Amino acid sequence: MAAPIILVPGFWLGAWAWDDVAGLLRAQGHDVTALTLPGLASVDIDRTPITLFEHVDAICTALSAAPERAVLAVHSGASVPGYGASDRLPERIAAMVYVDTAPGSGAIRPDFKDTEWPLPEWDELNENLEGISQEQLDEFRARAVPQPAAALREAPSLANPARLDIPSTVICTAFPSSEFQAAAKQGAPWMDELIALHDVRYVDLPTSHWPMWSKPAELAALLGDIATAAS
């Protein structure tokens with residue numbers, strides 16, 4: 001039997017962002033949990049008091065609730081709390097999957113001054129949108145929730161070297177794995193932990209930064225294979 005799969009979306013998103021991928025995986029018999037991190041359920045929520053610790057805690061709660069060791073898949077900015085969770089509960093993780101991201105060890109924007117970060121305009125965001133339809137972009141815009149400041153300003157607590165032994169896969173979508181690995185070797189701050197991992201592989205899936213929308217079937221197949229191998 002395959003390992004359970006926990007899906008964590010990146011900035012501005014809730015569990016709904018994984019609907020297509022989660023549906024495909026469940027149809028194949030996988031146990032799937034998609035998370036909405038604290039502060040991202042509604043635009044009406046007060047995000048001021050929310051901390052990165054709460055995001056890490058939410059992921060750890062899902063890991064603890066899983067019937068067995070799970071595959072933890074984190075997308076984009078969710079790599080920061082996801083990596084924090086891997087430090088806290090490495091024994092509950094069968095495999096880590098970084099979807100167009102890398103293990104986040106530091107604050108993404110430590111000098112961020114506002115209380116939250118709304119979804120920018122597409123030209124300001126400067127992310128690869130290849131393969132995403134206008135309808136999908138409109139839904140993203142309509143359902144996006146401002147990101148709590150702590151998600152940008154705070155860094156995870158990392159003290160457990162066991163996190164480095166977790167089998168990890170980096171699914172490279174917006175740019176190829178060769179660029180991921182080159183950036184890590186050159187000391188890019190947001191990729192500094194990649195070279196520290198003891199068991200990491202790279203998979204190329206050329207598409208947008210949001211492959212759960214632009215290539216859901218292909219992403220689901222990769223995640224399903226990882227969960228089966230990790231069981």
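A pocket here is an open set of grid points with protein on both sides within 12 Å along at least five of seven lines, and its lining residues have an atom within 4 Å of a point.

**View 1. The largest pocket in this predicted model.** Here we look into a space of about 590 Å³. The lining takes in 28 residues, and Ser76, Gly77, Thr101, Ile108 and Trp190 are the ones nearest the pocket's centre. Sorted by class, that lining comes out as 15 nonpolar, 10 polar and three charged residues.

**View 2. Helix 2 packing on helix 3.** Helix 2 covers residues 52-65 and helix 3 covers residues 79-88; their axes sit 8 Å apart, at an angle of about 60 degrees. Because of that angle, helix 2 counts as oblique to helix 3. The crossing of the two helices is right-handed.

**View 3. Side by side at the contact between helix 2 and helix 3.** Helix 2 brings Leu52, Phe53, His55, Val56, Asp57, Ile59, Cys60 and Leu63, and these meet Val80, Pro81, Gly82, Gly84, Ala85 and Arg88 of helix 3. The class tally for this contact is nine nonpolar, three polar and two charged residues.

**View 4. The largest cavity.** The count of cavities of 30 Å³ or more comes to one, and the largest cavity holds about 50 Å³ of space. Among the residues lining the cavity are Pro9, Gly10, Phe11, Leu37, Leu40, Gln147 and Ala151. Leu52, His55 and Pro81 line the cavity too, and those three also turn up in the contact between helix 2 and helix 3. Gly77 is another lining residue of the cavity, and it is also among those nearest the centre of the largest pocket.

How values were computed:
Residues are numbered from 1 along each chain as its sequence is written. This is a predicted model: local features need pLDDT of at least 70, side-chain atom pairs count only at pLDDT 80 or more; totals for chains, interfaces and linings use all residues. Side-chain values use heavy atoms; hydrogens and water are left out. On a 1 Å grid over the protein atoms alone, a cavity is a set of points where a 1.4 Å probe fits but cannot get out, and a pocket is an open set with protein on both sides within 12 Å along at least five of seven lines; lining residues have an atom within 4 Å of a point. Grid points are joined across faces, edges and corners, and a volume is the space filled by probe spheres set on the points. Ala, Val, Leu, Ile, Met, Phe, Trp, Tyr, Cys and Pro count as nonpolar, Asp, Glu, Lys and Arg as charged, and the others, Gly among them, as polar. Axes are lines fitted to C-alpha atoms, for helices over the stretch in contact, and angles run from 0 to 180 degrees between N-to-C directions. Helices (H or I, at least four residues) and strands (E, at least two) are DSSP runs, numbered from the N terminus. Angles under 35 degrees count as roughly parallel, over 145 as roughly antiparallel, 65 to 115 as roughly perpendicular and the rest as oblique. A crossing is left-handed if the near helix is turned anticlockwise from the far one by less than a right angle, and right-handed if clockwise. Contact means heavy atoms within 4.5 Å.
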